[in-house]
Amino acid sequence: MKKQYQIATIFVIVFFSVVLFSTSGCKKEKENWQWCNDCTSENIIGNYTGTATHYKYQNDTLEYVETKDQEAYLKISQEGNQLKVKVGIVNLFGVNISGLYNNTYYLTFSGSRTDFSATIYKNEGKIKLVGSAKKLHSSGYTEELLDFEVFKTD
């Protein structure tokens with residue numbers, strides 16, 4: 001019994017040593033994205049690209065069809081005192097919406113049967129947005145949803 005305990009102990013030590021050494025050599029440098037509490041509209045206006053997952057409600061099956069890892073676009077421009085957002089995936093999904101921006105770390109706009117929300121992050125002068133855009137049915141349920149992560153390109 002004592003020999004089995006020793007073998008088990010050695011096995012556990014070897015196992016954790018292998019796991020520790022194999023993962024420590026593969027560490028990526030973690031990016032330090034933080035909420036952009038001090039972003040102005042000038043900081044966030046521009047073009048963005050990244051990836052998104054699209055969900056579309058299917059009436060016949062009462063389920064959502066998921067399309068993952070699609071190339072997403074987002075453009076923020078100024079129109080008067082409002083920001084205008086265009087977001088989507090070419091030939092699959094698109095939303096145009098506008099609203100007031102209060103110089104906070106997030107954007108939230110509601111339109112006629114559309115919703116948009118995104119958190120604004122910064123890291124060493126770079127800007128990214130993580131959020132979602134929705135198309136709503138007239139009865140209020142979500143017909144289509146886009147979850148995205150995009151990075152400012154200009």
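Biologist: Which strand holds Asp69?
Modeller: Happy to start there, with a predicted model in which local features need pLDDT of at least 70, side-chain atom pairs count only at pLDDT 80 or more, and totals for chains, interfaces and linings use all residues. Residues are numbered from 1 along each chain as its sequence is written, and side-chain values use heavy atoms, leaving out hydrogens and water. Strands (E, at least two residues) are DSSP runs numbered from the N terminus. Asp69 is not a glycine, yet its phi is positive, about 50°, and the strand that holds Asp69, residues 63-79, is E3.

Biologist: Is Asp69 buried or exposed?
Modeller: Buried means under 20% relative accessible area, exposed over 50%, and partly exposed in between (1.4 Å probe, protein chains only). Because its relative accessibility is 65%, Asp69 counts as exposed.

Biologist: What phi does Arg113 take in the turn between E6 and E7?
Modeller: Two strands pair if DSSP finds at least two bridges between them. E6 and E7 run antiparallel and are joined by six bridges, with Phe109 partnered by Phe116 in E7. Arg113 sits in the loop between E6 (106-111) and E7 (114-123). The hairpin has two residues between its strands, and the phi of Arg113 is positive, about 65°.

Biologist: Which residue takes a positive phi in the hairpin of E7 and E8?
Modeller: Here 10 bridges join E7 to E8 (residues 126-136), and the two run antiparallel. Asn123 has Lys126 in E8 as its bridge partner. Two residues lie between the strands, and the one with a positive phi near 50° is Glu124.

Methods
Helices (H or I, at least four residues) and strands (E, at least two) are DSSP runs, numbered from the N terminus.
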